[in-house]
Amino acid sequence: MGKAAKSNRKFAASGKLKQAIQSRKKHQQMQKKIQGRRGAHGKGKQKVVTETDVSEHDDGDDNEKEVKGVSKKAKKDVKTMTVEDLLGADFMDDDNDAEEDEDDAEGDELDTDEDEEDVADDQSFASVDDLEDHGTSHMLELAQLAEKDPEFYKYLQENDRELLEFTTAQESGDEMDDEDDVMDEDDDEETGEELPILTTSILKTWQKALLEHRSLRALRKLLIAFRSAVHMNEDNQVLLWRIDNAAVYTKLVTTSLRYTPIVLNHHLPYKTLPNGKFKQPPQSIKQKALQKLTLSYFNNVVHLIPQLTDPETLRLALTESAKILPYVVSSRKAVKTYLKKCLELWSTGEDDVRMAAFLAIRQLASSTDDSIVDLVLKSTYLALVRACKSTSTYRLPSITLMKNCACELFCVDHGATYPHAFGYIRQLAILLRGGMKTKTKEAYKQVYNWQYAHCVDFWALVLGRACDAHAEAERGGQESELRPLIYPLVQVSLGAIKLISNSRSYPFHLHIARSMLHLTRHTRIYVPLTPYLLPIIASTLTASGKPKSSTLRPLDMETHIRAPAQYVKTRVYAAGLVEETVFLLAEWLGSGPVHGSVAFPELIVPIIVTLRRTLKNCKELGKEAGMVKGLLERVEDCAKWIDQSRSSINFGPGKMDEVDQWEANVEIEESPLGKYLKVQRKSREKRKRMIDKANKGENEILED
């Protein structure tokens with residue numbers, strides 16, 4: 001055996017070798033304990049690793065078995081999950097309970113101890129004070145090491161810079177905190193069992209230490225007082241401070257929320273990757289000492305959020321707590337509780353609170369841990385489905401906001417989104433297949449409901465944003481991983497339209513057609529909508545019998561998916577259907593894949609023939625027939641405009657590069673149809689503003 005190096009002998013003589021060995025043994029024991037718990041959750045399929053069997057080969061086998069066991073379990077859950085559970089989102093709580101049991105086995109030593117809230121004195125986080133007490137001697141030892149053994153010091157610089165960059169607060173801050181400790185002890189002796197009263201002067205002392213010295217001892221005292229404020233009205237809680245003033249309570253809460261992220265980021269900075277994701281702070285002595293304190297504070301913030309009634313304070317709590325996520329993301333139970341609270345506020349809060357909650361959710365989704373990203377995506381989608389169960393004029397704006405927010409979240413990482421999008425679009429297909437096979441009233445209700453319509457619209461938003469032509473151009477022409485899902489979504493959507501074809505279901509058809517129109521406009525993929533829009537116009541204008549006149553209000557197509565019975569065969573309903581369908585048909589004809597095509601004059605031939613036949617057979621609805629006639633004229637003018645533009649081309653259909661270039665240069669807005677659409681959009685926006693003002697009671701008069 002060769003002679004040990006000089007640096008190794010000095011490291012062994014310093015007394016830290018034994019500490020390093022003990023730390024490694026403790027880590028190995030914890031890993032064995034985690035493997036054992038995983039084996040227990042796998043119902044015996046995973047082999048529990050013992051202390052005598054720790055070879056690399058056996059570890060590899062155990063990991064392989066564990067992955068197989070988890071995948072089989074996931075497949076079983078998908079097979080046993082009913083479609084009612086999907087749209088109802090009733091299985092979320094059960095899944096969370098099962099996942100919590102599994103994730104508890106993956107926790108660190110924090111989960112094996114009792115919660116720090118049960119400790120009855122302010123020494124519960126005494127190790128935080130030790131960081132400041134021993135910091136000076138630690139720096140002196142490192143300075144002496146640099147003089148005596150430069151080689152070993154250089155080795156530490158290259159491999160363990162955290163040990164060299166270990167910093168503490170200044171001595172003046174320590175002296176100030178020592179005086180506070182003496183003052184607190186004297187107060188305890190004088191009052192006996194009575195708790196000390198927190199005053200503004202004490203808070204200012206802590207604030208000064210935090211701002212000037214980033215004192216960890218002052219942070220510990222502040223968070224202990226913060227815990228007393230959070231649990232002050234609860235029984236069976238061990239508190240260390242009494243707060244008798246509302247102003248002091250508010251000041252304590254805001255100080256804790258604002259100052260804690262600053263101090264933690266000073267002592268434990270975390271790394272943000274170029275793609276926006278964050279990494280946890282590296283393992284160090286200071287990180288281990290602060291982890292329990294940070295987790296306690298985070299749990300107290302989560303406990304405080306439901307108690308807050310002031311929107312400004314609630315928004316502050318959400319914004320500042322999101323900055324703590326990199327330090328507590330290893331505790332899966334705390335992350336799940338926090339996510340649940342944020343999703344509740346995102347679904348039911350005011351607009352400012354909704355956005356603050358969503359930003360916190362998005363920050364959590366920026367973790368490099370794939371399991372947390374999957375949890376956030378799944379929980380967000382289920383919260384959206386639950387919120388879409390009923391739709392009204394007042395709830396529609398909030399649902400639209402939620403869909404747009406969730407769309408942004410799902411478009412952050414297309415690779416992580418793909419399995420979720422595939423699974424949920426498949427569930428929509430299963431519901432449709434059930435309705436097509438059984439053909440019962442209950443099966444039809446599984447498809448013709450608000451949740452189904454909003455789910456189709458949401459995935460159209462996601463795919464439209466992810467596969468947008470401009471977005472793919474920014475990625476260097478690289479196609480999105482979600483592009484293969486466009487075809488199944490279109491097939492499911494068009495199949496849902498064909499499921500029921502009576503006039504009362506036309507509003508649902510228009511909702512689905514609107515979603516497909518959005519997908520067509522952004523992805524520039526041709527989706528044939530005319531076979532589903534033209535029958536609505538034809539059946540409405542050529543219906544047998546004269547439409548009934550009524551005093552009913554016009555039916556709002558955006559907030560109805562099924563027309564009430566009293567609207568059937570009424571003139572007001574027929575007028576609303578024709579107006580909305582004609583506008584959607586015009587929007588589809590004016591989209592890039594249709595209007596921008598060099599074959600536009602040939603594409604519209606069947607449409608022109610059908611509309612002329614419909615107008616010829618229409619006898620009763622003169623005003624509605626005029627809408628169709630106006631669209632027909634603009635379409636014919638547009639066909640002539642395209643025919644004139646392509647008369648000067650000198651290439652054939654086989655030269656696709658030149659065809660694509662010609663289509664890209666078509667100015668749709670300058671065409672007759674483009675000008676027609678521009679006028680119609682302005683008219684609809686003006687009428688919508690008037691309706692909104694009327695709903696708010698501003699006495700606006702609606703004109704035809």
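This is a predicted model: local features need pLDDT of at least 70, side-chain atom pairs count only at pLDDT 80 or more; totals for chains, interfaces and linings use all residues.
Me: Are H15 and H18 roughly parallel or roughly antiparallel to each other?

Reply: Angles under 35 degrees count as roughly parallel. The axes here cross at roughly 10°. That angle is under the cut-off, so H15 and H18 are roughly parallel.

Me: Which residues of H18 make the contact with H15?

Reply: Both helices put in residues. From H15 come Pro311, Leu314, Arg315, Leu318, Thr319 and Ala322. Facing them on the H18 side are Asp352, Val353, Ala356, Ala357, Ala360 and Gln363.

Me: What is Trp346 in contact with, leaving aside its neighbours within four places in sequence?

Reply: Trp346 is one of the buried residues of H17, and it is also among those with the most contacts inside the largest nonpolar core. Its contacts beyond those neighbours include Thr380, Met402 and Cys405.

Me: How far apart are the end C-alpha atoms of helix H17?

Reply: H17 runs over residues 332-348, which is 17 residues. At 1.5 Å a residue, that should span 24 Å. The model agrees with this, as the end C-alpha atoms are 25 Å apart.

Me: Is Asn275 buried or exposed?

Reply: Asn275 is found in the loop between strand E1 (271-272) and strand E2 (278-279). Its side chain reaches the backbone nitrogen of Lys277 at 3.2 Å. The relative accessible area of Asn275 is 54%, and exposed means over 50%, so Asn275 is exposed.

Me: How far apart in space are Asn275 and Asp413, C-alpha to C-alpha?

Reply: In sequence, Asn275 and Asp413 are 138 residues apart. In space, C-alpha to C-alpha, the value is 9.6 Å.

Me: What is the phi of Lys569, about?

Reply: Most residues other than glycine have a negative phi. Lys569 is not a glycine, yet its phi is positive. It lies in the loop between H27 and helix H28 (571-589), and it is exposed, with a relative accessible area of 62%.

Me: Where is Arg524 found?

Reply: Arg524 is a residue other than glycine with a positive phi, near 55°. It is partly exposed, with a relative accessible area of 45%. Its place is the loop between helix H26 (506-523) and helix H27 (530-541).

Me: What is the relative accessible area of His595?

Reply: His595 sits in helix H29, residues 592-595. Leaving aside its neighbours within four places in sequence, it is in contact with residues including Phe600, Trp641 and Ile668. His595 is buried, and its relative accessible area is 0%.

Me: How many helices does the protein have?

Reply: Stepping back, buried residues make up 45% of the 704 residues in the protein. There are two strands, and the number of helices is 34.

Notes: Residues are numbered from 1 along each chain as its sequence is written. Side-chain values use heavy atoms; hydrogens and water are left out. A nonpolar core is a set of buried Ala, Val, Leu, Ile, Met, Phe, Trp, Tyr and Cys residues joined through side-chain atoms within 4.5 Å. Buried means under 20% relative accessible area, exposed over 50%, partly exposed in between (1.4 Å probe, protein chains only). Contact means heavy atoms within 4.5 Å. Helices (H or I, at least four residues) and strands (E, at least two) are DSSP runs, numbered from the N terminus. The expected span of a helix is 1.5 Å times one less than its number of residues. A polar contact is a pair of N or O atoms within 3.5 Å; within protein, one must be able to donate a hydrogen and the other to accept it, and residues adjacent in sequence count only if both atoms are side-chain atoms. Axes are lines fitted to C-alpha atoms, for helices over the stretch in contact, and angles run from 0 to 180 degrees between N-to-C directions. Angles under 35 degrees count as roughly parallel, over 145 as roughly antiparallel, 65 to 115 as roughly perpendicular and the rest as oblique.
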